[in-house]
Amino acid sequence: MISKFEVQETNTMISEMKLDVRTITMGISLMDCGHPDLKTFNQKVYDKITRLAEHLVKTGEDLERQFGIPIINKRISVTPIAIAAGPTEATSYVSVAETLDRAAREVGVNFLGGFSALVQKGYTNSDRILIDSIPEALAVTERVCSSVNIGSSRSGINMDAVKKMGEIIRQTAELTADRDSLGCSKLVVFCNAVEDNPFMAGAFHGPGEPECEINVGVSGPGVVKRALEDVKDVDFETLCETIKRTAFKVTRAGQLVAQEAAKRLGVPFGSIDLSLAPTPAVGDSIAEIFRVMGLEEAGAPGTTAALAILNDNVKKGGVMASSYVGGLSGAFIPVSEDQAMIEAVQRGALTLEKLEAMTCVCSVGLDMVAIPGDTSASTIAGIIADEAAIGMVNNKTTAVRLIPVIGKGVGEIAEFGGLLGYAPVMPVNRFDCAPFINRGGRVPAPIHSFKN
Amino acid sequence: MKGIITVLGKDQVGIIAKVCTYLAEQNVNILDISQTIVQDYFNMMMIVDISNPAKAFENLITDLHDLGLTIGVEIKLQHEDIFNSMHRI
């Protein structure tokens with residue numbers, strides 16, 4: 001029988017350490033919505049999403065009450081629109097984004113991901129239309145998230161797309177300049193994107209996924225931090241063991257919620273994403289974990305090692321706790337969504353270059369980083385190329401979510417609001433890379449991609 | 001199906017009586033009960049059988065929470081699965 005100690009431990013984790021299930025994301029295939037007429041396509045998309053996700057939010061709220069654990073976000077991911085809208089004769093997909101936004105509002109989810117294209121080896125006609133539609137789509141919608149996969153370990157890097165995305169990010173920033181270039185916070189450029197990621201802004205329902213499924217993202221930086229505070233000054237073996245044990249418990253809570261949600265909604269359970277995802281709330285921070293591990297600030301020498309340890313042990317602890325682990329699974333290091341990361345930037349401890357090094361060992365990339373509004377498209381493309389190279393060579397997902405804040409310079413603050421937080425504008429290396437980016441073409445796949 | 005009730009708050013006369021009276025009205029059987037008082041702070045955990053309650057589980061959660069508000073303590077009812085999954089392999 002459950003002991004009083006165990007009940008107390010769980011409830012303290014929830015009430016004091018911000019243990020929660022970060023997101024229940026319903027993946028919906030739009031493969032059967034194809035139609036030459038754009039209006040008909042949009043109607044089919046709207047009808048399908050609102051039918052399948054009708055009870056998503058209610059089910060999430062019921063589970064929250066039944067188990068007494070907060071489920072912060074209920075979200076939707078859909079088939080990349082560049083694939084789903086392929087059969088239409090449209091020349092712009094902005095109206096598709098507006099349809100997705102309406103559907104998201106109707107069912108009450110705060111974000112819907114999948115205004116996406118997978119162009120790691122080249123563009124289809126539909127991919128071009130989608131990418132050209134991104135800046136306007138993100139300016140006129142509130143809840144739609146977009147992502148573009150520009151490289152993979154199997155295919156190499158599509159450098160034409162890298163260059164293009166530098167321009168698209170700038171245009172998106174300019175179209176939302178009145179809101180601190182907020183549009184860019186909903187746009188992710190990936191290398192090795194995963195198809196079952198439940199976390200925004202990079203979620204989409206990949207072509208290999210089923211008709212409909214439930215993916216769950218667990219979190220819990222606060223719980224890990226507290227567990228490590230209790231074992232201060234121990235050696236690395238005990239440190240790792242503590243992270244593993246904590247990750248195990250956190251993941252088990254997510255697994256329970258995922259299975260129960262899938263059962264109630266009558267759709268299969270896809271996977272659990274074991275990620276430590278911070279929020280702007282104090283105590284819910286990855287950078288605070290670094291402090292407890294013995295680093296004065298995130299960015300101090302040792303930070304990459306600390307992140308590698310954290311990431312690896314979250315996976316080791318979580319893998320045994322869930323029957324299906326997927327998504328990104330690791331630690332997220334978004335600057336604007338993590339209070340102690342923001343402080344590290346403001347104190348000059350954390351630079352863009354150190355963040356880049358950190359992305360070699362964690363699950364994502366340069367995430368929610370505000371850069372000066374006058375940063376050129378080719379410089380942004382250069383940063384994307386660097387991150388994509390890290391992902392391609394190391395067989396891992398890397399992502400870039402940069403926000404060139406129009407009208408703001410280094411040290412000024414960009415405000416995004418809510419879960420997206422705020423971020424100080426970070427300096428970017430000013431040396432030119434335009435001739436390199438302008439070469440165009442495709443970087444061949446690395447030698448270790450030939451595994452067959 | 002079992003539920004776990006936790007009660008936390010300043011100690012006073014009749015906390016257990018009020019909770020138990022409500023549970024009896026709802027046909028909820030108490031399987032285990034343990035209670036401690038540390039520095040005037042009342043801390044109780046109950047394991048209850050919720051296979052056949054008079055009201056739906058969701059309503060029991062709300063009622064107990066509201067009952068807690070009237071007494072001035074915090075009462076939570078949670079499905080046992082959350083604890084089983086986190087603490088048992």
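Mentor: A residue is called buried here if 20 or more other C-beta atoms lie within 10 Å of its own. Keep in mind that this is a predicted model.

Trainee: Fine. Is α7(A) largely enclosed or open, then?

Mentor: Largely enclosed by the rest of the structure, because 13 of its 17 residues are buried.

Trainee: And how far does α7(A) reach from its first C-alpha to its last?

Mentor: It reaches 24 Å, close to the 24 Å expected for its 17 residues at 1.5 Å a residue.

Trainee: What about α6(A), what span should its 16 residues have?

Mentor: At 1.5 Å a residue, helix α6 (residues 125-140) of chain A should span 22 Å, and its end C-alpha atoms are 23 Å apart, which agrees.

Trainee: Where does α6(A) bend?

Mentor: At Ile134(A), by about 50 degrees. A proline, Pro135(A), follows within four residues.

Trainee: Which residues of α6(A) are buried?

Mentor: Ile134(A) and Pro135(A) are among them, and so are Ser126(A), Asp127(A), Ile129(A) and Leu130(A).

Trainee: What covers the buried residues of α6(A)?

Mentor: The cover includes helices α4 (81-84), α5 (94-107) and α7 (159-175) of chain A, along with β3 (112-118), β4 (144-152) and β6 (187-191) of that chain.

Trainee: Switching to the core. Which residues touch the most other members of the largest nonpolar core?

Mentor: Ile150(A), Val257(A) and Ile384(A), out of 174 residues in that core. Helix α9(A) supplies the largest share of it, 12 residues.

Trainee: What is Ile150(A) in contact with, leaving aside neighbours within four places in sequence?

Mentor: Its contacts include Val119(A), Ile157(A), Ala161(A), Met165(A), Val189(A) and Phe190(A).

Trainee: You mentioned α9(A). Where is Thr246(A)?

Mentor: Thr246(A) is in helix α9 of chain A.

Trainee: Is Thr246(A) buried or exposed?

Mentor: Thr246(A) is buried, because 25 other C-beta atoms lie within 10 Å, and the cut-off for buried is 20 or more. Beyond its neighbours within four places in sequence, Thr246(A) is in contact with Val223(A), Val224(A), Ala227(A) and Gly317(A).

Trainee: Strands now. In which sense do β7 and β8 of chain A pair?

Mentor: Strand β7 (residues 212-218) of chain A and β8(A) pair in the parallel sense over 4 bridges. Gly217(A) stands opposite Asp273(A) in β8(A). Strand β8 (residues 269-274) of chain A is mostly covered, with 6 of its 6 residues buried.

Trainee: What about chain B, how many bridges join β1 and β4(B)?

Mentor: Strand β1 (residues 2-10) of chain B and β4(B) pair over 7 bridges, in the antiparallel sense. Val7(B) stands opposite Ile75(B) in β4(B). In strand β4 (residues 73-79) of chain B, 6 of 7 residues are buried.

Trainee: Which residues is Leu64(B) in contact with, leaving aside its neighbours within four places in sequence?

Mentor: Ile5(B), Ile75(B) and Leu77(B). Leu64(B) is in helix α2 (residues 57-71) of chain B, and it is buried, with 21 other C-beta atoms within 10 Å.

Trainee: How many residues does each chain put into the contact between chain A and chain B?

Mentor: Chain A gives 18 residues and chain B gives 20 residues. On the chain A side, the elements giving two or more residues are α1 (4-15), α3 (56-67) and α9 (236-265). That side divides into 7 nonpolar, 5 polar and 6 charged residues.

Trainee: What is phi of Asp233(A) near?

Mentor: Near 65 degrees, a positive value in a residue other than glycine. Asp233(A) is in the loop between α8 (221-229) and α9 of chain A, and it is exposed, with 7 other C-beta atoms within 10 Å.

Trainee: And where is Asn395(A)?

Mentor: In the loop between α14 (377-394) and β10 (398-405) of chain A. Asn395(A) has a positive phi of about 55 degrees, although it is not a glycine. It is partly exposed, with 14 other C-beta atoms within 10 Å.

Key: Residues are numbered from 1 along each chain as its sequence is written. Chains are lettered from A and ligands numbered from 1 in the order in which they are written. This is a predicted model: local features need pLDDT of at least 70, side-chain atom pairs count only at pLDDT 80 or more; totals for chains, interfaces and linings use all residues. A residue is buried if 20 or more other C-beta atoms lie within 10 Å of its own, exposed if 12 or fewer, and partly exposed in between; C-beta atoms are placed from the backbone. Two residues are in contact if their C-beta atoms, placed from the backbone, lie within 7 Å. Ala, Val, Leu, Ile, Met, Phe, Trp, Tyr, Cys and Pro count as nonpolar, Asp, Glu, Lys and Arg as charged, and the others, Gly among them, as polar. Two strands pair if DSSP finds at least two bridges between them. The expected span of a helix is 1.5 Å times one less than its number of residues. The bend at a residue is the angle between axes fitted to the seven residues ending there and the seven starting there. A nonpolar core is a set of buried Ala, Val, Leu, Ile, Met, Phe, Trp, Tyr and Cys residues joined through C-beta atoms within 7 Å.
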